[in-house]
Amino acid sequence: MKTSVKFLLTSIMLLAFASFVPAQKKRACPVPPPSPFKHDGAIATSFDRASGMRTTLEHPRIISAPDGGFYLTASFRHQSARGATRLTLDVAFISASKSARYRDSHNLVFYADGKELPFVGSAAQYQTTKGEHGLLLEATRVTVPYDMLIKLTQSRQVAARIGSTQFALSNNHLEALRELVSLMAPPPSTWATASSSAR
């Protein structure tokens with residue numbers, strides 16, 4: 001991977017999850033065995049005393065959109081599926097451009113196989129930070145409940161809309177999300193695209 005891309009993705013991760021990860025030294029967990037999911041995303045788990053274990057997805061492929069594109073990142077904090085706290089995943093789409101394009105677009109909508117997925121979660125949050133070469137990184141982040149994640153990851157086609165910009169996730173991005181969701185709790189008995197290959 002090129003150094004500039006690595007730098008961009010590192011900046012994206014810091015932007016997307018700065019409010020979720022305390023500024024403490026983290027301990028990396030052992031590398032997991034090879035995944036049955038086929039995708040280009042990088043999934044890693046870290047640990048610190050304040051927030052416990054957190055697993056994060058960083059996907060290097062850009063998601064094409066009419067006015068540019070987005071990078072996908074997602075993260076969850078490990079907790080018991082039987083606990084009182086509802087399982088959720090923090091999902092962020094990050095764009096890189098010369099000027100702000102989504103400052104007033106704080107709504108993030110998902111579509112599963114053409115149907116809008118309404119869910120009761122936190123409102124979309126918006127953050128910006130400066131990247132290299134004068135780029136402005138804009139992150140739109142939302143917290144998605146586990147039951148809605150299952151509907152999303154079992155779908156064959158998933159799209160999202162930020163403001164008036166709608167874009168489709170590739171199977172490669174979906175496979176990365178499927179793996180991440182499978183790590184949150186025991187996975188569903190079947191996955192809609194288990195036999196499909198990443199594109």
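**Buried residues, helix contact and sheet**

Me: What relative accessible area does Phe-93 have?
Reply: Phe-93 is buried (under 20% relative accessible area, with exposed over 50% and partly exposed in between, for a 1.4 Å probe and protein chains only), because its relative accessible area is 0%. This is a predicted model, in which local features need pLDDT of at least 70 and side-chain atom pairs count only at pLDDT 80 or more, while totals for chains, interfaces and linings use all residues. Residues are numbered from 1 along each chain as its sequence is written, and side-chain values use heavy atoms, leaving out hydrogens and water. The value asked for Phe-93 is therefore 0%.

Me: In which strand is Phe-93 found, and how far is its C-alpha atom from that of Leu-72?
Reply: Phe-93 is found in strand β6, which covers residues 88-97 (strands are DSSP runs of E, at least two residues, and helices are runs of H or I, at least four, numbered from the N terminus). Leu-72 lies 21 residues away from Phe-93 along the chain, yet the two C-alpha atoms are separated by 4.9 Å.

Me: At what angle do the axes of α2 and α3 cross?
Reply: Tyr-146, Leu-149, Ile-150, Leu-152 and Thr-153 in α2 meet Leu-174, Leu-177, Arg-178, Val-181 and Met-184 in α3 (contact means heavy atoms within 4.5 Å). The axes are lines fitted to C-alpha atoms over the stretch in contact, with angles from 0 to 180 degrees between N-to-C directions. For α2 (residues 146-153) and α3 (residues 171-184), these axes come within 10 Å and cross at roughly 145°.

Me: Which residue in β12 stands opposite Arg-161?
Reply: An open sheet of four strands runs in the order β8-β7-β11-β12 with antiparallel pairing, and its edge strands, each pairing on one side only, are β8 (115-116) and β12 (165-168). Strand β11 (residues 158-162) pairs with β12 in the antiparallel sense over four bridges (pairing needs at least two DSSP bridges). Opposite Arg-161, the residue in β12 is Gln-166.
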